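User: Hey, I'm new to this one. Can you walk me through it while I look?
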Amino acid sequence: MIDPAATYPILLPDGTPHKGTVFLARVIDHPQFAVGDFTYASDFDPPDDWATHLAPYLFPFSTERLTIGRFCQIAHGVRFITASASHDASGISTFPFPVFDAESRDGYQPDRRDTVIGHDVWLGYGALVMPGARIGNGVIVGAGSVVRGTLPDYCIATGNPAVVTRMRFEPDEITRLNALAWWDWPVDRITASQDALLSADIAALIRQAQDSAT
């Protein structure tokens, strides 16, 4: 059974924890960064500050939020470029004059969009998630992709900008998966459902939910 309280959920063959993979909910302490249980990030050079490493422009005083759901998988090199990084492009110059003036800087932030990542999302090696992106449940983002805008539930998206290359399931199946919301189940039920989750057997997952309800 996976322990949601573990900081380092993977043990090496000698029993020592692999410190390059962390459950982010155990290491993120940032007022604008919310992350669900079991979501992990991996890095070949693990940082001391995972929040700043993953979202370098998300400051404690930022007005936007970065929200990541449960059971997400974040590969090495993934970065979230949040709204605080944006410049105002509506004028003649994009130079951020107010940030250099203590009197006018307070409250100045041209872009205030939140970035929201759903549940069970796999962000591949080196993916960039741009300000205001909305990534649905069950999405796979290919390595090196740049995500802007909205990606629908259970799609596979690649490229710059990332575009949907195919859907992982049929529309009615996606509706059923979202209704099941297995990521919110108790840990013991999720553990008992691993075979169904690791296959494409949605019917088996539905049976597991029904058996647990009786």
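User: Is glutamine 109 buried or exposed?
Analyst: This is a predicted model, and in it glutamine 109 has a relative accessible area of 12%. That is under the 20% cut-off, so glutamine 109 counts as buried.

User: Where does glutamine 109 lie?
Analyst: Glutamine 109 is in the loop that runs between α2 (102–105) and β7 (115–117).

User: What does the side chain of glutamine 109 reach?
Analyst: The side chain gets to the backbone oxygen of aspartate 111, at 2.8 Å. Setting aside neighbours within four places in sequence, glutamine 109 also contacts Ser62, Thr63, Glu64, Ala83 and Ser84.

User: New topic: how many residues are in the largest nonpolar core?
Analyst: There are 31 residues in that core, and those with the most contacts inside it include Leu24, Phe33, Phe80 and Leu123. Among the elements giving it two or more residues are β2 (33–35) and α1 (50–54). α1 gives the most, with 3 residues.

User: And which residues are in contact with leucine 123?
Analyst: Beyond its neighbours within four places in sequence, leucine 123 touches several, including Ile74, Phe80, Val129 and Ile135.

User: Which element gives the most to the lining of the largest pocket?
Analyst: That's α5, with 3 residues. The lining as a whole divides into 21 nonpolar, 5 polar and 3 charged residues.

Note on methods
Residues numbered from 1 in each chain as written. Predicted model: local features only at pLDDT ≥ 70, side-chain atom pairs only at ≥ 80, totals over all residues. Heavy atoms only, no water. Helix = DSSP H or I, 4+ residues; strand = E, 2+ residues; numbered from the N terminus. Buried < 20%, exposed > 50% of the residue type's maximum accessible area, 1.4 Å probe, protein only. Polar contact = N/O pair within 3.5 Å; in protein donor to acceptor, adjacent residues only side chain to side chain. Contact = heavy atoms within 4.5 Å. Core = buried A, V, L, I, M, F, W, Y, C linked by side-chain atoms within 4.5 Å. Nonpolar A, V, L, I, M, F, W, Y, C, P; charged D, E, K, R; others polar.
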